[in-house]
Amino acid sequence: MFLFWELMGVCWFFLISSFFYRTKTRFASFIAFFWNLSGDFALLLYILISLIIFSTLTLSYNYYFIISCFLLLIAIFAKSAVYPFQTWLYYAMEGPTPVSAFLHAAWMITAGVYLFFIFPIFLDTFYLLFCVFWILYFSFNAIFYFDLKKIIAASTGSQMGYIF
């Protein structure tokens with residue numbers, strides 16, 4: 001799973017930087033790659049610590065539960081561009097429009113939601129309030145952009161609150 005999770009981030013880098021001759025696109029692809037790599041590192045750290053200490057990848061309620069939930073949430077939030085890791089999402093709009101649509105519809109939403117449902121971490125009212133915060137944050141964030149692709153990116157971020 002981790003290998004394909006990492007390959008997805010590399011594909012994002014190459015898809016966003018398809019207009020690599022433009023400086024803004026180059027910068028955007030590196031920003032997106034950095035934020036996705038931080039989520040990948042958190043997932044790798046979770047996998048390594050879980051396998052070394054417990055010899056399993058399941059979440060168990062022990063002293064490591066808080067750390068494992070934290071690492072998994074960082075991995076999910078960074079890959080799905082959810083607050084506070086959403087900054088790469090607007091930079092990713094520098095790629096061509098079909099790439100942006102494919103990036104949002106197929107990969108960004110699917111990757112985070114898939115990992116979240118494999119490891120169900122929080123299912124209580126605090127999590128519900130956090131989802132409402134995502135919806136409102138991205139909805140109000142879309143008001144301040146004039147570029148249509150960035151507005152669509154903010155709309156996708158608000159839809160993540162509905163999905164989660």
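These are my notebook entries on a predicted model of one protein chain.

**Overall fold.** I began with the secondary structure and counted seven helices and zero strands in the protein chain. Read along the sequence, the pattern is α-α-α-α-α-α-α. I then looked up burial: of the 164 residues, 46% count as buried. For contacts with a separation of 6 or more, I found that 70% join residues 24 or more positions apart. The chain exposes about 8,800 Å², and carbon and sulfur atoms supply 78% of that area.

**Cores.** Next I went inside. The largest nonpolar core has 20 residues, and Leu43, Tyr46, Phe77 and Trp134 have the most contacts within it. I checked which elements give two or more residues to this core, and they are α2, α3 and α6 (125–142). Helix α3 gives the most, with eight residues. I also noted a second, separate core of 16 residues, which includes Met8, Trp12, Ala81 and Leu89. As a reminder to myself, nonpolar side chains tend to be buried together in soluble globular proteins.

Is Asn36 buried or exposed? Its relative accessibility is 1%, and because buried means under 20%, Asn36 counts as buried. Leaving aside neighbours within four places in sequence, I found Asn36 in contact with Trp12, Ala78, Lys79 and Trp88. Trp12 is one of the residues of the second core. Leu37, at 36% relative accessibility, counts as partly exposed. I also took a C-alpha to C-alpha distance here: Leu37 and Ala78 are 8.4 Å apart in space, though 41 residues apart in sequence.

Where is Tyr63 found? It sits in the loop between α2 (23–54) and α3 (65–80). Its relative accessible area is 64%, and the cut-off for exposed is over 50%, so Tyr63 counts as exposed.

**Helix α7.** Last, I checked the length of helix α7, residues 148–163. At 1.5 Å a residue, its 16 residues should span 22 Å, and the end C-alpha atoms are 22 Å apart, so the two values agree. The buried residues of α7 are Lys149, Lys150, Ala153, Ala154, Thr156, Gly157, Ser158, Met160 and Gly161. I kept in mind that an α-helix has 3.6 residues a turn, so residues three or four places apart point the same way.

Conventions
Residues numbered from 1 in each chain as written. Predicted model: local features only at pLDDT ≥ 70, side-chain atom pairs only at ≥ 80, totals over all residues. Heavy atoms only, no water. Helix = DSSP H or I, 4+ residues; strand = E, 2+ residues; numbered from the N terminus. Buried < 20%, exposed > 50% of the residue type's maximum accessible area, 1.4 Å probe, protein only. Expected span 1.5 Å × (residues − 1). Core = buried A, V, L, I, M, F, W, Y, C linked by side-chain atoms within 4.5 Å. Contact = heavy atoms within 4.5 Å. Areas by Shrake-Rupley, 256 points an atom, 1.4 Å probe, with all protein chains shown as cover.
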